[in-house]
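Take a moment with the sequence and the 3D view before reading on. The paragraphs below go through them step by step.

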Amino acid sequence: MLSRLQELRKEEETLLRVKAALHDQLTRLKVEELALQSMIRAKEENTADSSAVVAEDPHQILGQMDNEAAINQTELQLSLQPHEEEEEEEEESDS
């Protein structure tokens, strides 16, 4: 019973760390969204002011966004990875 309680506490700690990591990720994504909206507005204003402005290739913009998303996902995975390894070591030592 006591070991089950300890196991549940470890699981709770893990879930709280995941929750914090996801919250941080969400905050970063919101900041990126605001930055992209600002860039879009600025570009629209520049385009409206000057008819000589050439629009960027939409595929290039999407590629940049995909790269940023991949980087953010990697950061999230890396931030969670050490905790998971610690748990595996603790589980092995409990056995």
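What follows moves from the overall fold to single residues.

Keep one thing in mind from the start: this is a predicted model. The protein chain has 95 residues, and buried residues make up 7% of them. Its secondary structure is quickly listed. There are two helices and zero strands. The protein chain exposes about 8100 Å². Carbon and sulfur atoms supply 56% of that area.

Start with helix 1. It runs over residues 2-49, which makes 48 residues.

How are Arg4 and Glu7 placed along helix 1? They are three residues apart, so about one helical turn separates them. Arg4 is partly exposed, with a relative accessible area of 43%. Glu7 is partly exposed too, at 44%. Both values lie between the 20% limit for buried and the 50% limit for exposed.

Helix 1 also has buried residues. Thr14, Ala21 and Gln25 are buried there. Gln25 leads us on to the other helix.

Helix 2 covers residues 58-94, and Asn72 is found in it. Is Asn72 buried or exposed? Its relative accessibility is 6%. Buried means under 20%, so Asn72 counts as buried.

Which residues does Asn72 touch, leaving aside its neighbours within four places in sequence? Asn72 is in contact with Gln25, Leu29 and Glu32. Take Gln25 again, one of the buried residues of helix 1. Asn72 and Gln25 are 47 residues apart in sequence. In space, their C-alpha atoms are 7.5 Å apart. Look for this pair in the 3D view, then trace the chain from one residue to the other.

Methods:
Residues numbered from 1 in each chain as written. Predicted model: local features only at pLDDT ≥ 70, side-chain atom pairs only at ≥ 80, totals over all residues. Heavy atoms only, no water. Helix = DSSP H or I, 4+ residues; strand = E, 2+ residues; numbered from the N terminus. Expected span 1.5 Å × (residues − 1). Buried < 20%, exposed > 50% of the residue type's maximum accessible area, 1.4 Å probe, protein only. Areas by Shrake-Rupley, 256 points an atom, 1.4 Å probe, with all protein chains shown as cover. Contact = heavy atoms within 4.5 Å.
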